[in-house]
Amino acid sequence: MMRPETEAELAEMIKAANGPLWIEGGGTRSIGGPREGEVLGTSAMRGIDLYEPGALTMVAKAGTPLAEVEEALEKEGQRLPFEPMDHRTLLGTDGTPTIGGVFAANVSGPRRIQVGAARDFLLGVRFVDGAGQIVSNGGRVMKNVTGYDLVKLLAGSRGTLGVLTELSFKVLPKPGFCGTLLLEGLDDASAVAVLCRALGSPYEVSGAAHRQRGPNGAPITMIRLEGFENSVRYRAAALQLLLAEYGSFELETDPGRAADDWAAIRDVAPFGGQKGDVWRVSVKPTDAPGVVGQVPGAEAIYDWGGGLIWLRVDEGSQASAIRDTVAKVGGHATRIRGAGPGAFQPLAAPLAVLEAGLRARFDPRGILNPGLMGQAA
Amino acid sequence: MEMPQPDARILARKPEIVRQLSAVLPAGAVISDEAETRAYECDALTAYKCPPLAVVLPASTREVSDVLRVCHEMGVPVVPRGSGTSLAGGALPTGDCVILGVARMNDVLETDYENRFIRVQSGRTNLSVTGAVEADGFFYAPDPSSQLACAIAGNIAMNSGGAHCLKYGVTTNNLMGVTMVLMDGTVTEIGGAYLDAAGYDLLGVICGSEGQLGVVTEATLRILRKPEGARPVLIGFDSNEVAGACVSDIIKAGVLPVAIEFMDRPCIRATEAFAGAGYPDCEALLIVEVEGSDAEIDEQLAIILEIARRHDPVELRESKSAEESARIWLGRKSAFGAMGQINDYMCLDGTIPVSQLPFVLRRIGEMSRDYGLDVGNVFHAGDGNMHPLILYDANKPGDLERCEAFGADILKLCVEVGGCLTGEHGVGIEKRDLMTHQYAPVDLEMQMAVKDVFDPGWLLNPAKVFPLAESAPRRSAAEQGLCPSP
């Protein structure tokens, strides 16, 4: 395994490489089945280079452990607002998640519906492309339209266009109070209708999820509110009124309980100890219950008001059922846990051509994580 | 600002080009008469003008595809145009180009409140997107100050921001999908009414690519429920440093205002003379606006006022009513007009880290004295996006050049302190030749490589964004028909 300590060293290693490289941060989020090549890990390039709480910005090396970033933010009462998922429970991996891995896979959690995805918070990148060139794009300011936005292109490209070495990103203050409205017993369609109505209200919902099987076995619908305590209580009351026809919501304000409940959604923890393949499906929220209904034997956790479905199915099964039903309504599906090829969403012809073209330019020798990301449909 | 010489071979083929364009478009959608093409000779960067070879006004994705296919086959450059409000010259024609205007494509195609999106044709104006949903209590968040006129197509091309992006983000954060036509006429669908499109984030690259990668004909946009209410507070300080520190403390305190606007003394004086909003005559002025229910607004404003008091303000004015709010915003909203009363002005758009605010304002003051040109500062302080307004006299020989040199120095300063050349207006031709101050050759090369993939012949808006010297090999290869392979 190669573990460069500096960007320059990394560039030399990539220049000298004569075969495929398996790029990894902490190695906790690897999907897409068995891979080829020598492992090139970024974990030795680490450290926070700059943190300005008053400007809501941080600059860190890609291999910096996520925990180190979160600890520094916590001290200033701030956080990564997009709430990145920890994949270790679901995938049964161990290792140390890195900030580079978070952005390389564009990993966002429940708060994505309110504040945006990881890619929306990434302000600047430095990376080494497949030819060993060191490239910089974006910066450390919140508004920047200087040239093309390669920052977004690199976010979510899973190391196939370049190896991230340094990231600058926006952070936000952590609100002092959190409340979760809870209601048991709704079927999928009613739950998504509730979540859509809550998200279409002016009450700034920061989490909207539904589990077909909650902690005590019954379905549970969850709506999160954050902010100053008076404001949270006011908005909770307003939402209870707005949603009264669906039942009587209970407001849970215990901080420990809130953290656990939302971490379970974020990490898809209920599927962690259970067998089977797990799919991540993105569709229009109101299409979600219908999509789930078309996949026989699937268990679902809905996040993002229904727009994100986590589907657990029997091992090696239902891939075509999932792909077909998602294709009918519009959206995309990725197999996050499971074996064999076909984990990534196939792309329509013109987009596959564009992606292949980009890949050929950023990695002319095709050595960066071959086999990852999309193929033509 | 230089533009490439028009290609004589294209000029010579004008009748044939116009004939072929007319063959694929309805009558009245092709403008080739020299008097009429003059209406398209410039955008809001009015110092530069050049009538195009022809103008086409297609009304559908299909027609856009046909136009692009014709131009692609004939090797004619195309400059896409929204409403022509670019301050950076993004829609400035060359004499050998076809202007592709999207103004006839302005329909709302789909509105979905349950899933909170609207799908529109890209020629629709920014404000009329909100107009289509506001009766039902929704709005489209990005609000560039040209929002009455500017088109969604231009917003996407420039990744436009606005006063409220501290809370709601800029165009790229509110764009869910596009229908985009490539230069060879291929129609692509990227993203849609769901989050985070599959594959690479092409949507993220297209947004802000200044019409160089494709022509967006339809867009799926996120809409939000309007907040219950909003109210501002006005705070005056006797130093820029203290005002800057106050901004930083407000942000750190965990309040997230929708807007923090900053004006300096020259700008305050100009707007007072013009609009009479009753602003205090002080060194720096902040307008901070928060949203929510009445009680929520009171609670947030109390925190902001408490922070402000710790910084010894010379003025504190909290709005208690819609009338008072309007009065607080009056001066800020008339700032550009007020500066325009005094003289011609050039509006800059650099972004700096918020912590560098006092230093940068001091340096701009020093440079203003050196250049002998007045400058006023009015900007979005929460995100460090500055808009220095340099006053000059367009009728005085040499003044424009001096103003441009001063502007370039300010933008270089923005880059030196860790910021960038443009926060929301785009590069266009205005900042094209400064790109080498922010990016190394390899950084620009990677960006141009992206254009190679989308537009191998470099026919779409080719003379923008990249310094002419850097893009010359690609543009001349295109002219000789030696396109890099896709």
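**Packing, pairing and burial in a two-chain model**

Modeller: In this predicted model, the buried residues of helix H17 of chain B pack against strand S7 (134-138), helix H7 (150-154) and helix H13 (349-362) of chain A, and also against helix H8 (202-206), helix H16 (435-438) and helix H18 (468-479) of chain B.

Biologist: Which residues of H17(B) are the buried ones, and what makes a residue count as buried?

Modeller: A residue is called buried if 20 or more other C-beta atoms lie within 10 Å of its own, and in H17(B) this holds for B:Asp443, B:Leu444, B:Met446, B:Gln447, B:Met448, B:Val450, B:Lys451, B:Val453 and B:Phe454.

Biologist: How do you know that the span of H17(B) agrees with what its number of residues predicts?

Modeller: The helix covers residues 441-454, and its 14 residues, at 1.5 Å a residue, should span 20 Å; the C-alpha atoms at its ends are 20 Å apart, so the two values agree.

Biologist: What does H17(B) give to the side of chain B that touches chain A?

Modeller: The contact as a whole takes 78 residues from chain B and 68 residues from chain A. Strand S9 (187-191), H8, helix H9 (240-252), H11, H16 and H17 of chain B each give two or more residues to the side that touches chain A, and the largest share, nine residues, comes from H17(B). By class, that side of chain B divides into 35 nonpolar, 28 polar and 15 charged residues.

Biologist: Why are helix H9 of chain A and helix H11 of chain B described by the term they are given?

Modeller: Helix H9 (residues 229-242) of chain A and helix H11 (residues 294-310) of chain B have axes that come within 10 Å and cross at roughly 170°. Angles over 145 degrees count as roughly antiparallel, and H9(A) and H11(B) are therefore roughly antiparallel to each other. The residues that meet are A:Asn230, A:Ser231 and A:Tyr234 on H9(A) and B:Ala295, B:Glu296 and B:Glu299 on H11(B), and by class this contact has two nonpolar, two polar and two charged residues.

Biologist: What makes helix H10 and helix H13 of chain B a pair with its own label?

Modeller: Helix H10 (residues 265-275) and helix H13 (residues 335-342) of chain B pack at an angle of about 90°, their axes being 8 Å apart. Angles of 65 to 115 degrees count as roughly perpendicular, which makes H10(B) roughly perpendicular to H13(B). H10(B) contributes residues including B:Cys267, B:Ala270 and B:Phe274, while H13(B) contributes residues including B:Gly337, B:Met339 and B:Ile342. This contact has eight nonpolar, three polar and no charged residues.

Biologist: Why are S3 and S7 of chain A called edge strands?

Modeller: Five strands of chain A form an open sheet in the order S3-S4-S8-S6-S7, with antiparallel pairing; strand S3 (48-52) and S7 each pair on one side only, which is what the name refers to. From one strand to the next the twist averages 10°.

Biologist: How do you know that S6(A) and S7(A) pair?

Modeller: Two strands pair if at least two bridges are found between them, and five bridges join strand S6 (residues 122-128) of chain A to S7(A), the two running antiparallel. One reference point is A:Val125, which stands opposite A:Asn137 in S7(A).

Biologist: What makes strand S15 of chain A mostly covered, and with which strands does S15(A) pair?

Modeller: Four of the five residues of S15(A) are buried. Two bridges join S11(A) to S15(A) in the antiparallel sense, with A:Arg211 and A:Ile301 as bridge partners. Five bridges pair S15(A) with strand S16 (residues 308-313), again antiparallel, and there A:Ala300 is the bridge partner of A:Leu311. S15(A) and S16(A) form a hairpin with four residues between them, and A:Trp304 in the turn has a positive phi of about 50°.

Biologist: Is B:Glu228 buried, exposed or in between, and how do you know?

Modeller: B:Glu228 lies in the loop between strand S11 (224-225) and strand S12 (230-237) of chain B. A residue needs 20 or more neighbouring C-beta atoms to be buried and 12 or fewer to be exposed; B:Glu228 has 18 within 10 Å, so it is partly exposed. Not counting residues up to four places away in sequence, B:Glu228 touches A:Pro202, B:Gly292 and B:Ser293.

How values were computed:
Residues are numbered from 1 along each chain as its sequence is written. Chains are lettered from A and ligands numbered from 1 in the order in which they are written. This is a predicted model: local features need pLDDT of at least 70, side-chain atom pairs count only at pLDDT 80 or more; totals for chains, interfaces and linings use all residues. Axes are lines fitted to C-alpha atoms, for helices over the stretch in contact, and angles run from 0 to 180 degrees between N-to-C directions. Angles under 35 degrees count as roughly parallel, over 145 as roughly antiparallel, 65 to 115 as roughly perpendicular and the rest as oblique. Two residues are in contact if their C-beta atoms, placed from the backbone, lie within 7 Å. Ala, Val, Leu, Ile, Met, Phe, Trp, Tyr, Cys and Pro count as nonpolar, Asp, Glu, Lys and Arg as charged, and the others, Gly among them, as polar. The expected span of a helix is 1.5 Å times one less than its number of residues.
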